[in-house]
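Please read the following account with the sequence and the coordinates open side by side.

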Amino acid sequence: MTGVDLTAWILGPMLGLMTLLFIFRIILTWYPQVDLNRLPFNLIAWPTEPFLIPLRKVVQPIGGVDITPIIWVGIFSLLREILLGQQGLLTMLSRVN
């Protein structure tokens with residue numbers, strides 16, 4: 001297993017998991033009464049909040065709706081496609097080796 005294969009093997013599930021966590025985070029915004037500091041909701045809030053805090057300073061809520069989780073879903077999906085998609089950089093590098 002080369003370094004490129006190992007990177008793709010680690011990065012694929014990690015980017016997929018983060019996308020899934022942000023999708024759950026979007027769903028949780030529909031329920032403002034949910035306490036994000038209690039189980040099981042803190043398992044979703046804890047890994048996503050460090051990404052959301054800096055982006056919230058740049059992107060203000062639109063109509064009272066926090067769109068930063070949607071932006072992160074787009075970013076992680078784009079990264080996954082660019083790196084690991086059918087014509088992704090890591091995919092092409094693994095074919096060369």
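Predicted model: local features only at pLDDT ≥ 70, side-chain atom pairs only at ≥ 80, totals over all residues.

Residues are numbered from 1 along each chain as its sequence is written, and side-chain values use heavy atoms, with hydrogens and water left out.

Helix 3 itself spans residues 68-84, and its 17 residues reach 24 Å from the first C-alpha to the last, close to the 24 Å expected at 1.5 Å a residue, the expected span being 1.5 Å times one less than the number of residues. Its buried residues are T68, P69, W72, V73 and F76, buried meaning under 20% relative accessible area, exposed over 50% and partly exposed in between, with a 1.4 Å probe and protein chains only. Seen down the axis of helix 3, these buried residues fall within an arc of 145 degrees, so they line one face of the helix; the arc is that of the directions from the helix axis to the C-beta atoms. An α-helix has 3.6 residues a turn, so residues three or four places apart point the same way.

At the buried side, T68 has 0% relative accessibility and therefore counts as buried. Not counting residues up to four places away in sequence, T68 touches L52, L55, R56 and V59, contact meaning heavy atoms within 4.5 Å. With the same exclusion, F76 touches L15, M18, T19, F22 and F51.

F76 also belongs to the largest nonpolar core, which has 15 residues and in which M18, F22, W72 and F76 touch the most other members. Such a core is a set of buried Ala, Val, Leu, Ile, Met, Phe, Trp, Tyr and Cys residues joined through side-chain atoms within 4.5 Å. Helix 1, helix 2 and helix 3 each supply at least two residues of this core, and the largest share, 8 residues, comes from helix 1.

What does the face of helix 3 turned away from its buried side carry? That face carries the exposed residues L78 and E81. E81 has a relative accessible area of 51% and is therefore exposed. Leaving aside its neighbours within four places in sequence, E81 is in contact with Q86 and G88, while E81 and P50, 31 residues apart in sequence, are 23 Å apart in space, C-alpha to C-alpha.

Key: Helix = DSSP H or I, 4+ residues; strand = E, 2+ residues; numbered from the N terminus.
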